[in-house]
Amino acid sequence: MTTISRDRWLILAAEGVAIIVSILLAFAIDAWWEERVTRQQEVALLVSLHADFQASQAHLQQWVVGNRFIERNATELLQRLRSANRDERITVSGEQLVAAISTPTYDPTDSTLQVAMASGQLELIRSAELRKELATWRQLLDDTSEDESLIREIVVHRLIPVLSEQVRLGYLLDFGPVVDLFLGRPHPIAADQIEIRVNSSLEAVIAERLFHTKFVAQGLTDLSESQARILDLLAPYVD
């Protein structure tokens, strides 16, 4: 009886160990599979982010050049106004006025990042450096968008009303010349030299518009540099 009982207990113990090992092995396989799926999801996210930022980078270069065009012409216009006497009539170029009333808005290709942020998928990204750079890019975009919004308010509600008292703005507001000049393409302006009267209201609103334009131009430059760093961090996943 003793020998039989001992053998029975040995069999039960062996079966118990086998069951425990089987459970642990199942857990290990499940963990391995879950990690494998997670890593596949991470790679898919990173590849999609790379495609978005690559498209945005090509698009952004035009916006950087275009905003520098606006900044340069707005600066020249402000200098003309400040160097003249009050109520003096001066001639300015059509390009300067087109630049003054242009309100472009940078709209990046960021649907992947938006979805990842909303769904919590950013946690899939193991690289702390990449997550930090994405957060920096998002903050730069928000700051730049805020200045772009302020410029639109200034142009629509203050600059255009002041200019419309002196200049027929219809042809200057035509979408074609604005886009062509912004993108650096040649486009004839209906009136190359336009006469305006210098006054403090016009000078003040141009100065305020230029103030925010400088922030936008620098913000877009910073965004471009941030996007380049992000693309470098993403490159290993798509090569």
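**Exercise 1. Characterise the salt bridge of Arg89.**

Arg89 is partly exposed, with a relative accessible area of 44%; the class partly exposed lies between buried (under 20% relative accessible area) and exposed (over 50%), computed with a 1.4 Å probe on protein chains only. The model is predicted: local features need pLDDT of at least 70, side-chain atom pairs count only at pLDDT 80 or more, and totals for chains, interfaces and linings use all residues. Residues are numbered from 1 along each chain as its sequence is written, and side-chain values use heavy atoms, with hydrogens and water left out.

Step 1. A salt bridge requires a side-chain nitrogen of Lys or Arg within 4 Å of a carboxyl oxygen of Asp or Glu.
Step 2. Arg89 meets Glu195 in such a bridge, at 2.7 Å from N to O.
Step 3. This pair links distant parts of the chain, 106 residues apart: Arg89 in strand β1 (residues 89-93) and Glu195 in strand β2 (residues 193-197). Strands (E, at least two residues) and helices (H or I, at least four) are DSSP runs, numbered from the N terminus.
Step 4. Glu195 is partly exposed, at 41% relative accessibility.

**Exercise 2. Determine which helices the Lys214 salt bridge links.**

Step 1. The partner of Lys214 is Glu71, with the closest N and O atoms 3.4 Å apart.
Step 2. Lys214 belongs to helix α6 (residues 200-234) and Glu71 to helix α1 (residues 2-83), 143 residues apart.
Step 3. Lys214 is partly exposed at 39% relative accessible area, whereas Glu71 is buried at 13%.
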